[in-house]
Amino acid sequence: MINHLAGGLPLLVKHRPGPAILAAQLVIRGGSGADPSGGRGGHQVLAGLMTRGCGDLDAEALADLVEGAGAALRAEAQEDALVLALKCAATDAVDLLPLLIRMVRRPALDIDQFELERQLNLQTLQRQREDPFQLAHDQLRRQLYDDGPYGHDPLGIEDDLQALEPRSLQPLVAGLGDRGAVLVICGDPPEGTEALLERELALAPWHTALPGPAVLVPKRPPLQRLACQQQDTEQLVLMLGTATVPLGHADALALRLLQCHLGLGMSSRLFVTMREERGLAYDVGVHLPARCGPAPWVMHLSTSAERAGEATACLLDEWQRLLEAPLRESERELALAKFLGQEAMGRQTCGQIAERLALVLSHGLGEGHIAAVLARAPELGCGDLQAVARRQLQVPCLSLVGPEPALKAATRAWHAHPLSLDPAAAGQD
């Protein structure tokens, strides 16, 4: 049952017998999607600074406290949330649990640590420019989301980070929790956990509440269906994707099952067809993250430059197949088994349980969402999966990164394929 601390912070404690350990997740709705204009990357810098001092603890003292207990404490900005996570021995929880509140309400924001954190993030962005997969992913982000909340990496944009100042973070700190927050603890928490957290909140009151369900935002049509970036490598990276629906949408489960069918494991459709049978892919898969807004559904692969055109045509054919032909019953059953197995394996440890529950609650879906999804999954038939594919996957965008000859071959394959046409022009419903 969810309790509410002073100021409204929801707290869910899951007692789990076994080793005397504890995992906690504090999820604050917002994240990089709430970065202000001109300040993209601000929430990730703030997250980094939270682990570099809070309250009366400077960076060294905080590190000594956490590492001296053999614990793990991290903070990061994701697209929809700022996430603070703690794993520790139950005997150390009295000293460490209050840090989650202290980091949010009383971050040190030391100027020297700010400069260090910003430079580290800038260096990471610079390294990413050498990674063709990252380049293709960032390019697809811009195609699907333009300058919207999901249009940039949580690390930010280099120009915005260069212009960021310590004072720019003060409004971000003040706004934490305005969109809701939730704290989930799993394991063997000490007695008086609520009182422990209440004492910390008394030092810096925090008014927040359980996040509400995501509001479905209309998807904007992509401004550019095909985007290419030249890189002098021996391979071509392709990402074929579209913006779909939030985690709580009725179609989200079917999209997850289609992801399992196409991209999960060595028995998946893409692995067997493109790698085992035709040798077209070094790496292939399907990406579908949980989002409060229109989540990206992406097929990705890397292939040799010499076979760029063939690999592009094959990937497009596999996408088209989802729209035109329902899965066979054996394919649906295998996808379902993979989905149920992944769900079971993803909730084994205290950390996994806390992370999963915090994710669901931060999306405003309720504690019973996981059980409801597991019960509904076997009821979705082959026709249901195809209907969702035809609703959500009609207009994909293609992002390409590689050498110029490969880009030209892949571009020809794209323009020759029906998926490159506007759905109305192609006569699709």
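Leaving aside neighbours within four places in sequence, M299 is in contact (heavy atoms within 4.5 Å) with L238, M239, L240, L262, L270, G285, V286, L315, E318, W319 and L322. The model is predicted, so that local features need pLDDT of at least 70 and side-chain atom pairs count only at pLDDT 80 or more, whereas totals for chains, interfaces and linings use all residues. Residues are numbered from 1 along each chain as its sequence is written, and side-chain values use heavy atoms, with hydrogens and water left out.

M299 belongs to the largest nonpolar core, which has 53 residues; M274, W297, M299 and L322 touch the most other members. A nonpolar core is here a set of buried Ala, Val, Leu, Ile, Met, Phe, Trp, Tyr and Cys residues joined through side-chain atoms within 4.5 Å. Buried denotes under 20% relative accessible area, exposed over 50%, and partly exposed in between (1.4 Å probe, protein chains only). Another core, of 50 residues, lies apart from the largest one and includes L11, L84, L96 and L169.

Helix 12 (residues 308-324) has A308, A311, T312, C314, L315, L316, E318, W319, Q320, L322 and L323 buried. Helices (H or I, at least four residues) and strands (E, at least two) are DSSP runs, numbered from the N terminus. The expected span of a helix is 1.5 Å times one less than its number of residues; for the 17 residues of helix 12 this gives 24 Å, in agreement with the 24 Å between its end C-alpha atoms.

H417 is located in the loop between helix 17 (404-415) and helix 18 (423-426). With a relative accessible area of 8%, H417 is buried. Beyond residues up to four places away in sequence, H417 touches A313, L316, D317 and Q320.

The axes of helix 10 (residues 252-263) and helix 13 (residues 329-345) come within 8 Å and cross at roughly 100 degrees. Axes are lines fitted to C-alpha atoms, for helices over the stretch in contact, and angles run from 0 to 180 degrees between N-to-C directions. Helix 10 and helix 13 are therefore roughly perpendicular (65 to 115 degrees). L253, R256, L257, C260 and H261 of helix 10 meet E331, A335, L336, K338 and F339 of helix 13.

R74 lies in strand 6 (residues 72-77) and, at 34% relative accessibility, counts as partly exposed. R74 touches Q25, T51, V83, L84 and A85, residues up to four places away in sequence not being counted. Between R74 and L86, 12 residues apart in sequence, the C-alpha to C-alpha distance is 6.8 Å.

Note on methods
Angles under 35 degrees count as roughly parallel, over 145 as roughly antiparallel, 65 to 115 as roughly perpendicular and the rest as oblique.
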